[in-house]
Amino acid sequence: MQATAATQPLEASSRWPDQLAAIDIGSNSFRLEIAQLKDGRYRRIDYLKETVRLGAGLDGAGMLTESAAERGLACLRRFADRLEGFASQQIRAVATQTLREARNRDAFLGRAAQVLGHPVEVISGREEARLIYAGVAMLQASNQPRLVVDIGGRSTEMILGRGRRPIRAESFQIGSVGLSLAYFEDGRFSEAAFRAAQIAAGAELEEALEPFGRDHWREALGSSGTVGAVSQVLSANGVTDGSVTPDGLRWLIEQCLRAGKADRLSLPGLKDERRAVIGGGVSILYTLATHFGIDALQPARGALRQGVIFDLADRLDAARGRFSGEPGQDIRDLSVAELQRRFRIDVAHAERVAAVADALYGTVAAEDDADQLLESRRDLGWAAALHEIGMMVSHHDHHRHSAYLLAHVDAAGFSQSQQRRLADLLLGQRGGLRKIDAQLASERFAWQTLCLRLAIIKCHARGEIDPHAIRLRREGAHALLHFRHGWAGTHPRTLFLLQQEVATWQRGPIDLRIAD
């Protein structure tokens, strides 16, 4: 494997090679965290937060409005200015519930990537929960069984864990922004509105009563904005020491009712940007406290953004390890191995396909950036490792089943965006190309697809193979397929399949030919 930007020190490509950055594109706030990890210690270098209320910009059709998109992009421009001089592999940007829901999210993601100069990944609810727990567990270590709760703008995550290991993680589609818009119209507070909001929260969280019940944990922690905001108000007013308790929440609800409207609510410790969403946030917290037996919810020191940084550090260590021969732990590799086990994949065959696909792609890849090349090869390797997961459903059209499963399964470490890219590769692994016509507009995707298809054909007999018996040579949009001397004559059936593949690509973006 050649050295890449991800496997070598960052001094050559970054002004601050010992720093990592996480961008959390939330439904209420956007956050940028820059930190340094050294000798197991976490040191914050900088933290920027802006209240964007992206979640309030979803219209009735589930479309993100232009005004909300512009607010988000303006914030990301300011973040991009702060990140000038960082190498791409030092940054990870993740988006949560609002962009999970938005029907036009791809348009926003494209614009956001242009503004940032870096892609934005949409992560699943369970992946969000896993990363939240990672941040809390690293910054607030404990061996006690614990419940971690994170109330965001449009979702609430609940995680049970012990030490650094999450045991169960779930995401529920209810948050402070969504609930406030639905039940506290124009910021008006009433007993009926609080009662209705708590019933709605209880209905969404009811399925969690047993798996996250009081018997499963000894301490409860609240991560991120809503819990922190309520904790500050309760502490500043002398109601509690900062613990979020049922009595403290009842006191805060009473203050809201006395004020009557959010813009008239004036309390020590309450920030202006929190007023508009305090009704929904308090309703969820009170529902959690009373239904799950939480006597005191303590603010946690970690959150999603810190979890993203720890996860990014693990990825970089794993990438360097693959080059040095001392592999670290990239949780995506563990997820792929678990999926292979769960779907009873023929691992030996998958490894043969991956070896051939990687050898082919190594000769035709066009990425100028070494980090992008590494990630492209890793994507292709994961696709090869999982290309037969659909066999568990049916041998017939297994590529379609494989694509569906990979697009929708929970796979720790992978974003929804990355799973969709891998699913598209699996969909294109066999058959005609029309079904992936739109994706083939990407040059990288087209060459990855060709290499995967050729590797599957090369290994179709499911026996031992020479991964270098065939090779590709790229000449612009042309691909010349070469065979080792004498190989074609001893493999007539494989040659027949390769000739059919040449015919298939006559209708594709790459002109595949067998060299004379």
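**Close-up views of a predicted model**

View 1. Asp 186 sits in the loop between α5 (176-183) and α6 (191-205); helices (H or I, at least four residues) and strands (E, at least two) are DSSP runs, numbered from the N terminus. This is a predicted model, in which local features need pLDDT of at least 70 and side-chain atom pairs count only at pLDDT 80 or more, while totals for chains, interfaces and linings use all residues. Residues are numbered from 1 along each chain as its sequence is written, and side-chain values use heavy atoms, leaving out hydrogens and water. Phi of Asp 186 is near 60°, a positive value in a residue other than glycine. Asp 186 is exposed, with a relative accessible area of 58% (buried means under 20%, exposed over 50%, partly exposed in between, using a 1.4 Å probe and protein chains only).

**View 2. Another positive phi, at Arg 462.** Arg 462 is not a glycine, yet its phi is about 65°. Look for Arg 462 in the loop between α16 (443-458) and β11 (470-475). Arg 462 is partly exposed, at a relative accessible area of 37%.

View 3. Rings of Phe, Tyr and Trp (its six-membered ring) pair if their centres lie within 6.5 Å; planes under 30 degrees apart count as stacked, over 60 as edge-to-face and the rest as tilted. By this rule the count comes to seven aromatic pairs. In one of them, Tyr 42 and Phe 310 are tilted, with 5.3 Å centre to centre and 50° between the planes. Phe 310 is buried, with a relative accessible area of 9%.

View 4. In strand β4 (residues 91-95), five of five residues are buried. Ile 91, Ala 93 and Ala 95 cover one side, with Arg 92 and Val 94 on the other. Strands pair if DSSP finds at least two bridges between them. Five bridges join β1 to β4 in parallel, and three join β4 to strand β5 (residues 120-122), also parallel. Ala 95 is the bridge partner of Ile 25 and stands opposite Val 122 in β5.
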